[in-house]
Amino acid sequence: MNQPSSQPTSDSTTADAVLLDRIDLDYRQGRTSTPALRDVTIRIKAGQTLALLGPSGSGKSTALKVLAGFLQPTAGRVYLDGRDVTDLPPARRGIGVVVQSYALFPHLRVDDNVAFGLRARRLPKDVIIERVAEALGQVGMSEYGRRLPRELSGGQQQRVAIARALAIRPKVLLLDEPLAALDIHLRQGMLAELQRLRANLPDTAILFVTHDQAEALALADQIGVMRAGRLVDLADTDELWHRPPSRFTASFLGGANLIPVTIAATPDESSAVVKVAEAKFVADRAVDWSPGAPAVLAVRPHALRLTSSLDGPDVLPAKVTSAQWRGPATRVTIAVDALPDLLVEIDEPGVIQHQVGDRVGVHIPPHSGVLVPADRPEPDSTTPSGASSGAGTQAGARAGAAVSAVRTAPAPLENTP
Amino acid sequence: MTTLTAPAPPQPPAPGAERGPLRIPAAAWVVPPLLLILGFVGWPMVTVLGESVRDQNGALSLSSWSTVLTSGEFRNALLRTAQIAVGSTIGALILGSFLALVLAFVPFPGAGLVARLIDTVLALPSFLITLAFTFLYGSAGVLQAVITSVAGPGATLPPILTSPLGVILAEITFFTPFVVRPLLAALSVLPREQLEVAASLGSLGAGPLRVLRTVVFPEVLPALAAGGSLVLLLTLNEFGIVLFTGAKDVTTLPVLIYTRGVVSLDLPSAAVVATAQVVLSLALYSAYRFGFGRLSSRDATPEPQEGAGNAALVAHQ
């Protein structure tokens with residue numbers, strides 16, 4: 001049941017443009033009830049962009065629909081600028097929405113599509129004309145006002161959809177997988193467009209739902225990682241990339257390998273010496289660990305290195321199980337002798353000469369991995385499906401990591417892209 | 001020296017080439033359906049037309065045409081037919097749209113059952129509805145019995161059932177499913193995201209009704225036009241419902257044909273009215289096809305020019 005109180009139960013600051021406060025949502029069909037969201041709290045400040053990232057079915061689009069007013073939460077409240085809007089219909093929330101399928105009205109021309117929300121507000125005709133021209137100009141579609149949606153390409157349609165959402169000058173803009181329906185080339189172009197657009201909307205809070213971590217990293221100030229209807233982690237983009245607080249986030253954001261280790265020593269506040277079999281490595285850490293405690297070392301594939309030597313204090317002997325050339329790098333999957341239940345993935349630049357079955361050494365450079373808790377329970381059996389180390393590598397390069405981004409892959413399944 | 005010769009490519013079989021033990025020319029397949037159409041459609045129509053240009057003695061004459069077309073009875077029947085057809089169609093469109101919208105967008109227990117019941121009406125003969133109306137609302141029907149028991153033997157129902165309004169109500173009842181079914185199909189494929197976005201773009205006082213008017217109805221217009229046109233055609237030719245209401249003063253073109261041909265045995269006049277009825281139906285059907293073709297071509301999706309999008313992007317940057 002919805003809480004009758006209009007006061008946020010979570011700690012609130014008046015600067016929150018958006019607050020989803022402890023949202024639960026169940027899908028009911030007959031007597032069966034399926035939980036879709038559980039205790040989801042999200043805050044976005046004006047001018048900030050928050051990306052909700054997660055595998056399919058994790059609840060990220062559902063959270064967006066609750067904010068838009070398309071779905072009514074079973075529990076919890078929705079606040080916009082500190083005002084409780086939980087019981088208000090979508091039209092009275094003043095939110096701009098852009099969906100994956102564009103959802104342009106096919107019988108209306110581009111300028112009529114963009115003017116739709118303005119006419120609903122019964123604005124004067126000259127104001128509508130001015131706003132439509134402004135919105136179309138923002139997305140570079142000024143020349144296409146008299147076209148019908150079917151006469152536009154996918155990228156153009158998406159731009160019109162964005163213009164339509166912007167025309168009503170919303171304080172909150174919701175983008176639900178806006179680039180998912182575009183091909184890779186158009187997606188890159190639209191990503192740059194969205195970055196430019198975000199810079200031009202300094203007072204607008206943006207919630208961006210995606211399953212593509214590269215998009216989230218490129219656009220968001222904060223990222224929330226969702227899984228099985230719960231918000232697993234929520235932090236600044238940089239922090240979440242460099243110091244993922246959970247195994248799931250480490251694995252999903254950047255496709256890190258999750259290697260079980262034992263803490264050997266903690267020489268300072270931000271690093272630890274960890275042990276895998278007889279080999280020792282230096283890793284980053286965000287929390288206190290006692291020597292001897294089990295942990296998981298999250299290391300992204302691009303941070304690991306293959307060596308010809310099988311011996312050494314910081315080398316793990318292993319065997320190549322597969323090698324896939326992917327253009328800029330080769331994805332090598334290896335079975336580490338000391339970790340019989342684990343396959344580790346490594347991105348080696350260029351083309352490598354190793355064959356399946358070759359014996360190799362795995363080197364984990366100092367501070368290339370970060371420790372995450374070993375015993376954090378997984379919410380369910382959902383396997384991250386969007387982890388792509390290729391994108392992770394790209395995003396990592398963008399971040400210009402002082403600490404090489406890291407993640408660990410505890411099981412072969414979670415390590416499979 | 002060795003000369004390499006490319007092997008001859010396999011030749012495609014010639015048209016009509018042997019494909020099996022039985023060889024039938026393609027044109028032969030056209031003959032049976034053509035004969036069927038000529039026999040069951042063309043011949044009766046030619047017969048009717050031929051009958052209309054003969055006088056009572058069997059001689060060739062256009063006197064029947066001039067007599068019938070200038071008669072007040074024909075004009076009244078034509079007017080009455082148009083009134084009933086248009087009224088029934090408008091009623092069926094309004095009621096059918098309402099039912100389809102409720103079934104599509106207002107979830108309630110038993111919605112599926114209601115939809116199936118509406119389908120069931122399509123399978124019933126039209127006169128059955130009128131018969132039920134007679135049992136319920138006729139001068140000896142259930143409603144009259146209730147009124148008599150409450151208000152006394154002098155109280156009577158107004159004779160709505162035997163009036164043009166009664167015919168229209170009966171036809172609306174019977175033909176509404178012909179609007180509901182295609183409209184439900186169109187509504188079921190309407191992208192939900194469009195409705196959500198439209199709802200989010202609305203404003204105070206411009207909610208669901210505006211979304212219906214500006215988004216939903218324009219998109220389902222072809223289905224609405226198809227259902228409405230079908231109802232208009234069917235009501236134009238409806239005979240059973242008019243006959244079973246027992247409305248003596250309601251003479252439509254089909255009733256006039258029946259009266260002239262079967263009751264009065266004035267076959268030439270009946271043939272003239274029948275021919276006029278056929279021409280009217282074909283004209284309406286042609287108008288429907290033309291209109292539907294326009295709507296369909298409006299909704300056709302030409303291939304978008306991706307290059308134009310890139311050009312726009314470059315120009316913008």
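Biologist: Why is helix H2 (residues 110-120) of chain A called largely enclosed by the rest of the structure?

Modeller: A residue is buried if 20 or more other C-beta atoms lie within 10 Å of its own. In H2(A), 9 of the 11 residues are buried, so the helix is largely enclosed by the rest of the structure. Among them are Val110(A), Asp111(A), Asn113(A), Phe116(A) and Leu118(A).

Biologist: Which elements do the buried residues of H2(A) pack against?

Modeller: They pack against helix H3 (125-138) and H4 of chain A, together with helix H8 (192-201) and helix H9 (208-236) of chain B.

Biologist: What makes H4(A) roughly parallel to H5(A)?

Modeller: The axes of H4(A), residues 154-167, and H5(A), residues 184-199, come within 10 Å and cross at roughly 30°. Angles under 35 degrees count as roughly parallel, and therefore H4(A) is roughly parallel to H5(A). The crossing is right-handed.

Biologist: Which residues make the contact between H4(A) and H5(A)?

Modeller: H4(A) contributes Gly154(A), Gly155(A) and Gln158(A), while H5(A) contributes Leu186(A), Gly189(A) and Met190(A). By class, this contact has 2 nonpolar, 4 polar and no charged residues. Gly counts as polar under the classification used.

Biologist: What is the secondary structure of chain B?

Modeller: Chain B comes to 13 helices and 0 strands. Of its 317 residues, 30% are buried. Among contacts in chain B between residues at least 6 apart in sequence, 75% join residues at least 24 apart.

Biologist: Where in chain B is confidence lowest, and where is it highest?

Modeller: The mean pLDDT of chain B is 80, and 84% of its residues reach 70 or more. Confidence is lowest in helix H13 (residues 306-316) of chain B, at a mean of 36, and highest in helix H3 (residues 72-105) of chain B, at 93.

Biologist: How many contacts beyond four places in sequence does the model have for residues 301-317 of chain B?

Modeller: The model has 20 such contacts for residues 301-317 of chain B, where pLDDT stays under 50. Where pLDDT is low, the predicted coordinates should not be read in detail.

Biologist: What ipTM and pTM does the model score?

Modeller: The model scores ipTM 0.70 and pTM 0.73.

Technical notes. Residues are numbered from 1 along each chain as its sequence is written. Chains are lettered from A and ligands numbered from 1 in the order in which they are written. This is a predicted model: local features need pLDDT of at least 70, side-chain atom pairs count only at pLDDT 80 or more; totals for chains, interfaces and linings use all residues. Axes are lines fitted to C-alpha atoms, for helices over the stretch in contact, and angles run from 0 to 180 degrees between N-to-C directions. Helices (H or I, at least four residues) and strands (E, at least two) are DSSP runs, numbered from the N terminus. Angles under 35 degrees count as roughly parallel, over 145 as roughly antiparallel, 65 to 115 as roughly perpendicular and the rest as oblique. A crossing is left-handed if the near helix is turned anticlockwise from the far one by less than a right angle, and right-handed if clockwise. Two residues are in contact if their C-beta atoms, placed from the backbone, lie within 7 Å. pLDDT is the predictor's confidence in each residue, from 0 to 100. A residue is buried if 20 or more other C-beta atoms lie within 10 Å of its own, exposed if 12 or fewer, and partly exposed in between; C-beta atoms are placed from the backbone.
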